[in-house]
Amino acid sequence: MELNHILKHRFGIAEDALSDARHLQQEKGGRLGDILLQREAITETQLLEALSIQYEIPFWPELPMENIMGGDFAKKISIQFLKRHHMVPLLVPNPARSPQTDAPETGDPRTQDAAFIVAVNDPGNFNAVDDLVRLLNLDNYRLVLSTKQAILAAINLSFDLNQDSAQQLVQNMEDESDIISQIEDTADLLEDTSDAPIIKLVNHILSQSIKARASDIHIEPYQDSFKVRYRVDGILYDLLSPPKWIQPALTSRIKVMSKLNIAEKRLPQDGRFEVRIGSQMIDVRVSTLPTSFGERVVMRLLNKSSSIFQLNEIGLSTVQLKQIKDLVSSPNGIILVTGPTGSGKTTTLYSVLSSINTPDINIITIEDPVEYQLKGISQIQVNPKIELTFARGLRSIVRQDPDVILIGEIRDRETAEIAVQSALTGHLVFSTLHTNDSASAITRLVDIGVEPFLISSSLLAVIAQRLVRVLCEHCKEPYKPDMELQTLGVRPDRLGKYTFYRAKGCDKCFHTGYRGRIGIYEIMIMGHKLKTLIQRTFDSYQIKQEALKLGMVTLRRDGIEKVLRGITTIEEVIRVTQK
């Protein structure tokens, strides 16, 4: 039966759409189904169901991920080959758990007598299937159809599970110490084959860290050993403790990847490189630091493939969201975001910029470094080597007719004064400061050298923030808290209205009990009373007390609200807001 007949009579595809697709096929070639997909006349599922009828091959919308092939599978076939042809071999699943929905108890009779299944997206790609079967020596197999997304997920999982573990890679090196020393002394490690054990180890460390959603990788040398650790959701975990003799080769490999001088081991160095893991593009910033027992290396991982958060996704309450939207609609003034390193300040500012990024607004940023590319926004990277500092770049930015300016960080008096002058001359300015709470930002600006009357006339608001880990939805468990609530100052009469949760741990969250992070916020809006107070005193305690009288919600109070909503735990809020 022809495909167009099945699509027309089984799925009700209009004759006009089929006729146009056939006409295009005659002109440009290609598959009829692909043309209909590109024109959005059908869905991938409809096409695969139709092909299932045409070729009499079962269609499995989901693949049994527990039936990944083991052994030497990953060494016999390349991942690029499987991804290019959208196919993956799997062991035949248990009939009782067959993904075939029309026969859940007995499995599909067309695959029951087979030892293997080969999931394909294009049943007409016979040559590629024959090559796969020959390379893997699959003598008893059956074909099934599946979606591209399901096949790619199975391919990635297959190769991930078939990779050598970090411990196995280290053990494989035990007999290859001579090779390692040769690699260490070779300047151009990139020309070495990817079979080199040290290259495999570095690649494995990177891929495991990215899979775990790590933000940083630490390589820490000690007297008789060294550790590889990664930071996930703000917490450091041990990844590996290889023998001490591997340390120089591991450090050299990373330095070459980031184009650093491998011969210089006495001075700190900074570099970067990019890696691709599947569909993810990762920007890796590398920092080396000489210590008594060797070079300490920290790699910051930035996932350039992840999209920028929207304002309503970063943890703001309804009231806070309205406050920020009102603030960013101001034509001029300074909005500061404060918090320690790694508290999500840049993410918040990027979310704000994305919310106001329209063609009629000229937005220019100066950052160190530029972490994510924002479409339609001009971003400048600070470069001290050519004396492109925040202050020097900022002086040039104000001559570029901007409406909105983002300064990565106010570090000195010159930058602060130009930011204030920019705000007073009709620009909306965003920047960050390293302070513990919103009121301390005023004291910090005065310490830098900004006059209090300039602060009161230019500052719109200070937003302090922290990141708390979010409870894993798959394993969080309810419980009745005891003494912890008294630490947070929650009244006992509120306990009965809410369910409290604690972290447990499962495979989905790497047994941490948490998955992802969310912000807690303290927004101090500079009203008339606060501006008047700042001109009399810049004591942070007095400023904070006045802001509280005016209704400001503290970081801890915002954290408590997220505990009451079952988003995070009491321990997390105490951890990030402890005085």
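**Reading helix packing and cores in a predicted model**

The protein chain has 24 helices and 18 strands, where helices (H or I, at least four residues) and strands (E, at least two) are DSSP runs numbered from the N terminus. This is a predicted model, in which local features need pLDDT of at least 70 and side-chain atom pairs count only at pLDDT 80 or more, while totals for chains, interfaces and linings use all residues. Residues are numbered from 1 along each chain as its sequence is written, and side-chain values use heavy atoms, with hydrogens and water left out.

Q: What describes two packed helices?

A: The angle between their axes and the distance between the axes describe the pair. Axes are lines fitted to C-alpha atoms, for helices over the stretch in contact, and angles run from 0 to 180 degrees between N-to-C directions. Helix H1 (residues 3–11) and helix H2 (residues 15–28) pack at about 160°, with axes 10 Å apart. H1 is therefore roughly antiparallel to H2; angles under 35 degrees count as roughly parallel, over 145 as roughly antiparallel, 65 to 115 as roughly perpendicular and the rest as oblique.

Q: Which residues make the contact between H1 and H2?

A: Asn4, Leu7 and Lys8 of H1 and Glu15, Leu18 and Arg22 of H2 make it, contact meaning heavy atoms within 4.5 Å. By class there are two nonpolar, one polar and three charged residues. Here Ala, Val, Leu, Ile, Met, Phe, Trp, Tyr, Cys and Pro count as nonpolar, Asp, Glu, Lys and Arg as charged, and the others, Gly among them, as polar.

Q: Are H16 and H17 roughly parallel or roughly antiparallel?

A: The axes of helix H16 (residues 390–397) and helix H17 (residues 413–424) come within 8 Å and cross at roughly 20°, so H16 and H17 are roughly parallel. Phe390, Ala391, Leu394 and Arg395 in H16 meet Glu414, Thr415, Ile418 and Ala419 in H17. This contact has five nonpolar, one polar and two charged residues.

Q: At what angle do H12 and H13 cross?

A: Helix H12 (residues 197–211) and helix H13 (residues 247–257) cross at roughly 75°, and their axes come within 10 Å. H12 and H13 are therefore roughly perpendicular. On the H12 side the contact is made by Ile198, Ile199, Leu201, Val202, Ile205 and Leu206, and on the H13 side by Ala249, Leu250, Arg253, Ile254 and Met257. The classes are ten nonpolar, no polar and one charged.

Q: Which residues of H18 are buried?

A: Buried means under 20% relative accessible area, exposed over 50%, and partly exposed in between (1.4 Å probe, protein chains only). In helix H18 (residues 440–448) the buried residues are Ser440, Ala441, Ile442, Leu445, Val446 and Ile448. Gly449, which follows H18, has a positive phi, near 130°. Across the protein chain, buried residues make up 48% of the 579 residues.

Q: Which residues touch the most other members of the largest nonpolar core?

A: A nonpolar core is a set of buried Ala, Val, Leu, Ile, Met, Phe, Trp, Tyr and Cys residues joined through side-chain atoms within 4.5 Å. The largest has 46 residues, of which Leu7, Leu63, Ile77, Leu82, Met87 and Leu132 touch the most other members. Leaving aside neighbours within four places in sequence, the contacts of Met87 include Phe81, Ala119, Leu132 and Ile155. Another core, of 38 residues, lies apart from that one and has Ile364, Ile397, Ile405 and Ala439 among its members.
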